[in-house]
Protein chains: 2
Amino acid sequence: MAGANRVPAERRRRRPTRGGVLLSADLIIDTAVRLSHEHGPEGLSVRRLGAALSCDPSAVYRYFHSTDDLHLAIADRLIGEAMRGFTPDDDWTAALRGMALRIRAVLLAHPRLAVLAASRVTRRENEFRAVETGIAILLRAGFGAAGAVRAYHLFIDTVLGHAALEAAALALPDARREADERAWTDAYQSCPDDTHPALAAVRHELHRMGGSAFEAALDVLLTGLRQVHASG
Amino acid sequence: MAGANRVPAERRRRRPTRGGVLLSADLIIDTAVRLSHEHGPEGLSVRRLGAALSCDPSAVYRYFHSTDDLHLAIADRLIGEAMRGFTPDDDWTAALRGMALRIRAVLLAHPRLAVLAASRVTRRENEFRAVETGIAILLRAGFGAAGAVRAYHLFIDTVLGHAALEAAALALPDARREADERAWTDAYQSCPDDTHPALAAVRHELHRMGGSAFEAALDVLLTGLRQVHASG
DNA sequence: GCCCTTATGTCAACAGGGTTGACCTACCTG
DNA sequence: CAGGTAGGTCAACCCTGTTGACATAAGGGC
């Protein structure tokens, strides 16, 4: 918390930058989101932000206490983007599935921000609403208070964990990402059969490791959750 | 791959640093691992590494092409550490569970490295062996080649995703981590009941969100996997 | 319509980061 | 013992977040 609201949300004196831009928290977040996927990895920095807004980098600190503060605001923006217009399916597992896919889609669209955002608690409006939505789905499904919170917790962490992992891979410089992907059809194909018999046995299936396990994992998790729900 | 083995693993001419230390890839990795959890977040840097080894920072580049190369080597070291002495249980779900807990324990012990390591493919010996072990467990359980790879993929990504998330939280500066944790017993307790009825209904259970969902998620995932295995 | 306060943009500086190319020296091979 | 070169060192480059002093224009009170 410590001074989290020392920076006023509403400004009275609006003064344009040297480049004629009228700064605002929203504009800064917009620009940050744009920067982060226009430029390559590490594309987002206070200095680049300053350049993009044609203002001095330090002006950002008039709107956010630190880059961490800015990151949390960005994270909340992404959550809002993910959940905008979401109406949960009547079937609770389908509802959770839909929510998971939305969150993943947004995080993959902003891989570099995803890494920062996924593990944080923004404690801001959009996150409040998302948690409200998720818990409501589970309560309506018949989970008790404790069960709903437990289920939501493991669900959302699984979704965020997978998404963060995929995003981190996407956020790598091209050369590294491709090298990582090639590993399964390359280095892993060259492991000696005698010392790695299991790898040898599945050699022609290893390419699957290069892709995403998100939906498969999600479906298995929901299968498990359904079973837990049914059996008490 | 590009030049991945341009740096020879074995050295002939061993020449001590000004501080009298005989460098080696292993010693550098050792020191890096130690640094990363002796000092706080951002405790690991090439320059600090140089200081700890009493050598010039740039000497590290004689052993690793870049920090990324070093990070992969560290990741592989952690995998080795996690799997050392691991003997899978006869029950395949118990075996996977044991493997998951080991990986998580090591990643949580080195939170800052975990964030770097979890999403990468080290394509090095220890990782080869770990994948071999995991696939072997699933083949022995009766999964076919494709099923074993699919199951391993979604299993390991779930484990790594959760572990990375927890590690990222642990790697935060104390103030930020505590603020994130407090959110559930603090900011989330203050959401208006009328706009957030589900949150209101589970208010006294929300504190659970602050802890770890790892084991709960793991158990639900294994439950799901068991069902998938049984029904096909 | 002016003046004062102060919010807010600007500037310069600091400490730290990865990486590179030139240098030089001590080691190993022959 | 001589020569070639691996490998440690040094200085430089450009990047990063952050801070404190500074200046200026905005807007409220009169």
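This is a predicted model: local features need pLDDT of at least 70, side-chain atom pairs count only at pLDDT 80 or more; totals for chains, interfaces and linings use all residues.
Let's begin with one helix in chain A. Helix α1 covers residues 25-38. Which residues of α1(A) are buried? They are A:Ile28, A:Ile29, A:Thr31, A:Ala32, A:Val33, A:Leu35 and A:Ser36. As you look at that list, keep in mind that an α-helix has 3.6 residues a turn, so residues three or four places apart point the same way. And what do the buried residues of α1(A) pack against? Their partners are α2 (46-52), α3 (67-83) and α5 (111-117), again in chain A.

Now to the place where the chains meet. The contact draws 66 residues from chain A and 66 residues from chain B. Together the two chains bury about 5700 Å², with 72% of that on carbon and sulfur atoms. Across this interface there are 18 residue pairs in polar contact. On the chain B side, α6 (125-140), α7 (145-171), α8 (174-182), α9 (197-201) and α10 (214-230) each give at least two residues. The largest share, 16 residues, belongs to α7(B). Sorted by type, the residues on this side of chain B are 39 nonpolar, 13 polar and 14 charged.

Let's turn to charges. Side chains of opposite charge can pair when their charged atoms come close. Over all chains, the structure holds 34 salt bridges, and 6 salt bridges are found across the interface of chain B and chain A.

Within its own chain, A:Asp68 pairs with A:Arg120, with the closest N and O atoms 2.5 Å apart. A:Asp68 sits in helix α3 and A:Arg120 in the loop between α5 and α6 of chain A, so this pair ties together parts 52 residues apart in sequence. Are these two buried or exposed? A:Asp68 counts as buried, because its relative accessibility is 9%, and A:Arg120 is buried with a relative accessible area of 9%. A:Asp68 also reaches over to chain B, where its side chain meets B:Arg176 in a salt bridge at 3.6 Å, N to O.

For a pair inside chain B, look at B:Arg203 and B:Asp193, whose side chains form a salt bridge at 2.9 Å.

Key. Residues are numbered from 1 along each chain as its sequence is written. Chains are lettered from A and ligands numbered from 1 in the order in which they are written. Side-chain values use heavy atoms; hydrogens and water are left out. Helices (H or I, at least four residues) and strands (E, at least two) are DSSP runs, numbered from the N terminus. The expected span of a helix is 1.5 Å times one less than its number of residues. Buried means under 20% relative accessible area, exposed over 50%, partly exposed in between (1.4 Å probe, protein chains only). Contact means heavy atoms within 4.5 Å. Buried area is the accessible area (1.4 Å probe) that two parts lose on being put together, summed over both. A salt bridge is a side-chain nitrogen of Lys or Arg within 4 Å of a carboxyl oxygen of Asp or Glu. A polar contact is a pair of N or O atoms within 3.5 Å; within protein, one must be able to donate a hydrogen and the other to accept it, and residues adjacent in sequence count only if both atoms are side-chain atoms. Ala, Val, Leu, Ile, Met, Phe, Trp, Tyr, Cys and Pro count as nonpolar, Asp, Glu, Lys and Arg as charged, and the others, Gly among them, as polar.
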